[in-house]
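Please examine the structure shown here together with its sequence. The paragraphs that follow lead through selected strands, helices and side-chain arrangements.

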Amino acid sequence: MKQFDYRRAHDVDGALALLAADPDARFLGGGTNLVDLMKTGVERPVRLVDLRELPLDRVERTPDGGLRVGATVTNSDLAAHPYVRRHYPALTQAVLAGASGQLRNMATVGGNLLQRTRCGYFTDVSRPCNKRAPGSGCPAVSGEHHHHAVLGASDHCVAVHPSDMGVALTAFDAVVSYETPDGPGRTPVTDFYLPVGDTPHRETTLPPGALITHITLPPAPAARSRYRKVRERASYAFAIGSVAAALTVEDGRVREARLALGAVASRPWRARAAEAVLTGAPADGTTFAAAADAELAAARPLPRNGYKVPLMRNLVVSVLTELAERDAR
């Protein structure tokens, strides 16, 4: 690991100033991703700016009934919060599915959204990777891509975003707020991650030097929600496919549907085509299958990850069926 300077920030302005003093500095939250990447040489910051003493560690109700979550709130505290458990159950389920208790106690909300891909070529500095070294190539396209993207990928990168929490936040239309030396900004989570295109090293719309301060969730939909994750082993592992869904059913028809998919693209994937099929249609298996097929029609699997298409179809249908049956009780 390269030698680095360590500073502790006590307020947002101080954190921004410390980062602005050196372009190779990095913010440090829980360190559950960044420190691992520093050990392998993927990240080589000259300075770490510790954010854990910033006053950004609260979960608060907003006047309209939504929720404001500080960027340094730990994943454990977010998952355990009574209001989250009651009104945004898919978010609690996603966080609990994401890592062991020890990691959740350290990992932060802001850091979770900014975690890097777990693609083996990205984390191996001896191999080329367009995300790590732009222009060097993407060996995963013709190499090991069993876990990789089937939606929204390109020849330049087929890695997937690993966040479980981000999938649930996408389904709930969360908004990311941040501060920069030039002032505050905000962007919906659905627009926060950039399409991979031919610049996979540019991952988010966050301006250079910006600091995420909090995430805002609008009032929870008057619906049940569910997050379900498929992984290759029962212990904690990254998803090979996941679904976050919220469904409101009235008189046997879908009044409102929110659906996001995980582990299928470079970013949490909002399933707009599926939502369009669902809205106003009968809340039954035929509709749910048609919605899944509409979303997955754009899938472009690689030779060794085609299994993800039927897996995601079955997962979408299963989760929506469960929610509809609960609503009917």
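Which residue in β3 does R8 stand opposite? R8 stands opposite D50. The model in which this position is found is a predicted one: local features need pLDDT of at least 70 and side-chain atom pairs count only at pLDDT 80 or more, whereas totals for chains, interfaces and linings use all residues. Residues are numbered from 1 along each chain as its sequence is written, and side-chain values use heavy atoms, with hydrogens and water left out.

Strands and helices here are DSSP runs numbered from the N terminus (E, at least two residues, for strands; H or I, at least four residues, for helices), and two strands pair if DSSP finds at least two bridges between them. Between β1 and strand β3 (residues 47-50), four bridges make up the parallel pairing.

R68 stands opposite T216 in β8.

Positive phi values also occur in residues other than glycine. D173 has phi near 60° and lies in the loop between α9 and β6. D251, with phi near 55°, is placed in the loop between β10 (241-250) and β11 (253-262). As to accessibility, buried means under 20% relative accessible area, exposed over 50%, and partly exposed in between (1.4 Å probe, protein chains only). D173 counts as partly exposed because its relative accessibility is 30%, whereas D251 is exposed because its relative accessible area is 83%.

The aromatic side chains come next. Rings of Phe, Tyr and Trp (its six-membered ring) pair if their centres lie within 6.5 Å; planes under 30 degrees apart count as stacked, over 60 as edge-to-face and the rest as tilted. A search of the whole structure finds three aromatic pairs. In one of them, the ring centres of Y88 and F172 are 5.2 Å apart and the planes stand at 90°, so the pair is edge-to-face. Y88 lies in the loop between α4 (82-87) and α5 (89-98), and F172 in the loop between α9 (165-171) and β6 (175-180), so the pair ties together parts that are 84 residues apart in sequence. Both Y88 and F172 are buried. F192 and Y193 form another edge-to-face pair, with 5.1 Å from centre to centre and 85° between the planes. F192 counts as buried because its relative accessibility is 0%, and Y193 because its relative accessibility is 5%. Y83, Y88 and F172 form one aromatic cluster.

Another tyrosine, Y227, is placed in strand β9 (residues 224-230). Why is Y227 classed as buried? Y227 is buried because its relative accessible area is 3%. Contact means heavy atoms within 4.5 Å. Leaving aside neighbours within four places in sequence, Y227 is in contact with A90, Q93, A94, A97, D164, V167, S242, V243 and A244. The side chain of Y227 makes polar contacts with the side chain of D164 (2.5 Å) and with the side chain of S242 (3.0 Å). A polar contact is a pair of N or O atoms within 3.5 Å; within protein, one must be able to donate a hydrogen and the other to accept it, and residues adjacent in sequence count only if both atoms are side-chain atoms.
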